[in-house]
Amino acid sequence: MAWFRRRHPVPETPSSGVSSFHLWWGGLPDGRPVVEVAATLTIIEAPVVDRLYFWALQATFADASRTYGAAHTGLQWNPNFPRARAVNWGGYADPPSRHVFDGSIPALPGSADDLNTRTYPWEPTRGYRFRIYRSLVGWRSEVTDVGSGETTVIRDLYAGGDRLRSPVVWSEVFARCVDPPAAAHWSDLTVTVADGRVARAAFVTTSFPSGGDCPNTDSVADETGILQRTNTPRTSQSGVQIPLPNSRPGG
């Protein structure tokens, strides 16, 4: 770590107040509308500071001719919630409005001022599978505790479209660059197409936005998926394709 800091000075705090790094899915079925995306998230190392961390699966709502905006669902380490444990499902319409999507009233407890973020008692080292799919009234996100098998509907968002595009998973960290490491693991990145067939992403493409983000975040592959970690030497670069294990490209 000392060598890394000599070669790449690490600021104490990201200048924009947040660091984001992404994994864009690739090798998906061509020419077939995607109607569901899903991924399993495991927090390998939980944060220890009172700052917001957000790990999410995101997709864009679309039909054959246009897009309607995008939304993200995942776990949060959020100091405003009991034990800092929360879950989120929310998003924004396309420009020019950029309005926050309306949605159903969630059953999970939380604040009436923020229906997107709700209390959810997730635990480190435990897998949580997130799904985004079309419901009768909108686009639904649900989360399944892989260990217990218990599925929780987060809510429905009232957005247009009959298919999903541009799936991506990401980490968004509002902590300092020098705060203790936290790590999230992504695995089993799958899409379901309109005829019901399921395919796994064959690879992900990394993205490390510049403009003041922490330079000591990293995304690396292991035997089962991809690990995203903070406060660690960066071994990857932006725009690199990382193959995924057990992929079935093209369905």
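For the classification of lining residues used here, Ala, Val, Leu, Ile, Met, Phe, Trp, Tyr, Cys and Pro count as nonpolar, Asp, Glu, Lys and Arg as charged, and the others, Gly among them, as polar. The structure under analysis is a predicted model.

The chain contains one helix and 16 strands. Its C-alpha trace spans about 55 × 45 × 40 Å along the principal axes. The radius of gyration of the chain is 18 Å, which agrees with the value near 18 Å for a compact globule of 251 residues. Of these 251 residues, 53% count as buried. Among contacts in the chain with a separation of 6 or more, 69% are accounted for by residues 24 or more positions apart.

At least two lining residues are supplied by each of strand 4 (67-77), strand 5 (85-93) and strand 10 (163-173). The contribution of strand 5, four residues, is the most that the largest pocket receives.

Strand 10 also takes part in the second largest pocket, where five residues from this strand form the largest share of the lining. The volume of the second largest pocket is about 160 Å³. The lining is made up of Leu28, Pro29, Gly31, Arg32, Pro33 and Val34, together with Arg163, Leu164, Arg165, Ser166 and Pro167. In terms of residue class, the lining of the second largest pocket divides into six nonpolar, two polar and three charged residues.

A local feature was also examined at Asn231. This residue is located in the loop that lies between strand 15 (225-229) and strand 16 (241-243). Asn231 counts as buried because its relative accessibility is 12%, and the cut-off for this class is under 20%. The side chain of Asn231 reaches the backbone oxygen of Asp179 at a distance of 2.9 Å. Thus a buried loop residue has a side chain that reaches the backbone of Asp179.

Note on methods: Residues are numbered from 1 along each chain as its sequence is written. This is a predicted model: local features need pLDDT of at least 70, side-chain atom pairs count only at pLDDT 80 or more; totals for chains, interfaces and linings use all residues. Side-chain values use heavy atoms; hydrogens and water are left out. On a 1 Å grid over the protein atoms alone, a cavity is a set of points where a 1.4 Å probe fits but cannot get out, and a pocket is an open set with protein on both sides within 12 Å along at least five of seven lines; lining residues have an atom within 4 Å of a point. Grid points are joined across faces, edges and corners, and a volume is the space filled by probe spheres set on the points. Buried means under 20% relative accessible area, exposed over 50%, partly exposed in between (1.4 Å probe, protein chains only). A polar contact is a pair of N or O atoms within 3.5 Å; within protein, one must be able to donate a hydrogen and the other to accept it, and residues adjacent in sequence count only if both atoms are side-chain atoms. The radius of gyration is taken over C-alpha atoms; the globule rule is 2.2 Å times the number of residues to the power 0.38. Contact means heavy atoms within 4.5 Å.
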